[in-house]
Amino acid sequence: MSLINRQLRLKTRPEGLVSRDNFELVEQAVPELEDGEVLVRVLYLSMDPTNRVWMRDIPQYLPPVAIGEVMRALGLGRVVASRSAHYAEGDLVQGVTGWQDYLVLHEDAKGYVRLPADPGIPLPTLLGAAGMSGVTAYYGLTDIAPVQAGETLVVSAAAGSVGSIAGQIGRIMGARVVGIAGGADKCRHLVDHLGFDAAVDYKSADFKQQLKAVTPDGVHVNFENVGGEVMRAVLSRMVIGGRVALCGMISGYNSAERPGDDFSPVIMKRLSVRGFLVLDYTRTREAVGAITGWIREGKLKTEETVAEGLENAPVVLNRLFDGSHRGKLVLRVDGQA
């Protein structure tokens with residue numbers, strides 16, 4: 001009996017939040033493999049803010065997903081059939097899988113990582129702390145805006161997949177770490193569970209006063225994920241010569257308008273601001289090795305929010321923007337994974 005592949009293909013470009021109506025669920029038979037190909041069963045999908053960016057028809061670092069195409073996404077899958085000498089049945093494969101059940105992959109395809117069948121850590125963690133999220137955090141604090149012992153590091157979206165790891169890496173490096181998150185529960189989690197030195201709630205009416213109180217010596221490094229009012233508040237607290245690792249500006253991803261920001265503090269405080277993409281990083285193996293070592297030593301805690309069902313991907317993606325998750329948000333595609 002032939003296998004059926006379900007695919008979510010972009011039907012219309014969302015305005016604001018994403019809905020199921022923006023996608024068409026298509027079912028088709030999985031094709032027979034040719035020499036050099038493998039069949040990968042998608043197990044988990046990484047739900048990332050960049051998914052929302054890819055849906056927009058604007059200039060960006062990759063071409064936007066075209067109408068009628070399978071929605072682009074990073075994921076983790078397992079080889080279930082192979083006609084390749086480079087992949088064996090049971091191998092795990094990490095890379096761009098798309099929003100679908102199965103992926104036919106050629107052995108020469110670039111950007112895919114073959115992992116052992118039993119990696120020794122939970123599979124969702126391979127998409128979070130030991131995956132792109134963790135590597136992004138490591139890259140930002142070692143290469144883009146290196147943080148030193150004794151400095152104050154502020155991380156926005158600190159309860160999210162990248163921010164939660166960035167804050168913990170900052171602590172490992174000896175920095176004083178302040179997280180910005182939405183809601184008192186998340187702020188307590190950052191301090192009590194993840195070891196942040198302080199946390200402030202950007203939803204509070206006195207957010208700016210809170211931020212000033214917990215950064216009495218100013219901010220040396222800002223790991224910025226949010227942009228907008230949150231970023232402006234942090235920039236106002238930066239010391240002269242401070243550094244900003246500009247990782248994302250999630251506050252504007254659902255808006256049709258480009259965010260406008262006042263960069264006068266960059267001039268007045270002679271700040272170094274550098275945007276970056278993890279795609280440019282060339283020392284991924286080093287980063288993953290360091291992160292997995294910290295996990296095994298108990299120095300770095302991981303957390304994943306796991307949602308269920310390929311058909312729910314559009315709605316689940318919105319959880320990145322409403323704050324209803326902690327840590328890395330992943331979607332389980334294969335219920336047996």
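Helices (H or I, at least four residues) and strands (E, at least two) are DSSP runs, numbered from the N terminus. The model is predicted, with local features needing pLDDT of at least 70, side-chain atom pairs counting only at pLDDT 80 or more, and totals for chains, interfaces and linings using all residues. Residues are numbered from 1 along each chain as its sequence is written, and side-chain values use heavy atoms, with hydrogens and water left out.

**Exercise 1.** Now describe Ala-157 in the loop between strand E8 (152-155) and H3.

*Solution.* Ala-157 is not a glycine, yet its phi is positive, at about 50°. With a relative accessible area of 32%, Ala-157 is partly exposed.

**Exercise 2.** Work out which helix gives the most to the lining of the largest cavity.

*Solution.* First, the term: on a 1 Å grid over the protein atoms alone, a cavity is a set of points where a 1.4 Å probe fits but cannot get out, and lining residues have an atom within 4 Å of a point. Then list some lining residues, among them Ser-161, Ser-164 and Ile-165. Helix H3 (residues 161-172) gives the most, with three residues.

Notes. On a 1 Å grid over the protein atoms alone, a cavity is a set of points where a 1.4 Å probe fits but cannot get out, and a pocket is an open set with protein on both sides within 12 Å along at least five of seven lines; lining residues have an atom within 4 Å of a point. Buried means under 20% relative accessible area, exposed over 50%, partly exposed in between (1.4 Å probe, protein chains only).
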